[in-house]
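Subject: Structure for you, with notes

Hello,

Here is the structure I said I would pass on. My notes on what was found follow below it.

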Amino acid sequence: MAKLPTDEDKRRGVLRIFNFFKARPGNVLILPNFLARADEVGLSMDEIAEGLEILIKTGAVERVGATEFRLTQSGYELM
């Protein structure tokens with residue numbers, strides 16, 4: 001039986017996408033970057049958005065525009 005991703009799965013999936021793009025602290029990815037890799041990390045578009053929100057709340061990622069997200073030092077350390 002299929003299992004829905006947990007919040008931890010969503011958080012890790014988003015960080016895997018930052019890692020795929022070799023992001024460093026301060027680097028910004030745009031929403032299409034995340035959506036292009038969603039299948040690879042096994043997440044839907046909604047789950048990517050939820051993962052980003054979790055990381056924003058913890059300070060690992062900062063929203064810098066409507067569809068732009070900056071990796072922080074603490075987010076980098078989680079990768």
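Two residues are in contact when they have heavy atoms within 4.5 Å of each other. By that count, 57% of the chain's contacts with a separation of 6 or more are between residues 24 or more positions apart.

This is a predicted model, in which local features need pLDDT of at least 70 and side-chain atom pairs count only at pLDDT 80 or more, while totals for chains, interfaces and linings use all residues. Numbering starts from 1 along each chain as its sequence is written, and side-chain values use heavy atoms, with hydrogens and water left out.

Overall fold. The chain has five helices and three strands (DSSP runs numbered from the N terminus: helices are H or I with at least four residues, strands are E with at least two). Their order from the N terminus is α-β-α-α-α-β-β-α. The radius of gyration is 11 Å, close to the 12 Å that the globule rule gives for 79 residues, so the chain is as compact as a globular protein of that length. That radius is taken over C-alpha atoms, and the rule is 2.2 Å times the number of residues to the power 0.38.

Core. Of the 79 residues, 32% are buried (under 20% relative accessible area; exposed is over 50% and partly exposed in between, with a 1.4 Å probe and protein chains only). The largest nonpolar core has 17 residues; such a core is a set of buried Ala, Val, Leu, Ile, Met, Phe, Trp, Tyr and Cys residues joined through side-chain atoms within 4.5 Å. Val-14, Phe-18, Phe-34, Ile-48 and Leu-52 have the most contacts inside this core. Its largest share, four residues, comes from H1.

Aromatics. There are three aromatic pairs (ring centres of Phe, Tyr or Trp, the last by its six-membered ring, within 6.5 Å; planes under 30 degrees apart are stacked, over 60 edge-to-face, the rest tilted). Phe-20 is partly exposed at 40% relative accessibility, and Phe-21 is partly exposed at 32%. Phe-34 and Phe-69 are also edge-to-face, at 5.9 Å and 85 degrees. This pair links helix H2 (residues 31-36) to strand E3 (residues 68-71), 35 residues apart. Phe-34 is buried at 0%, as is Phe-69 at 4%. Together with Phe-18, they form one aromatic cluster.

Regards
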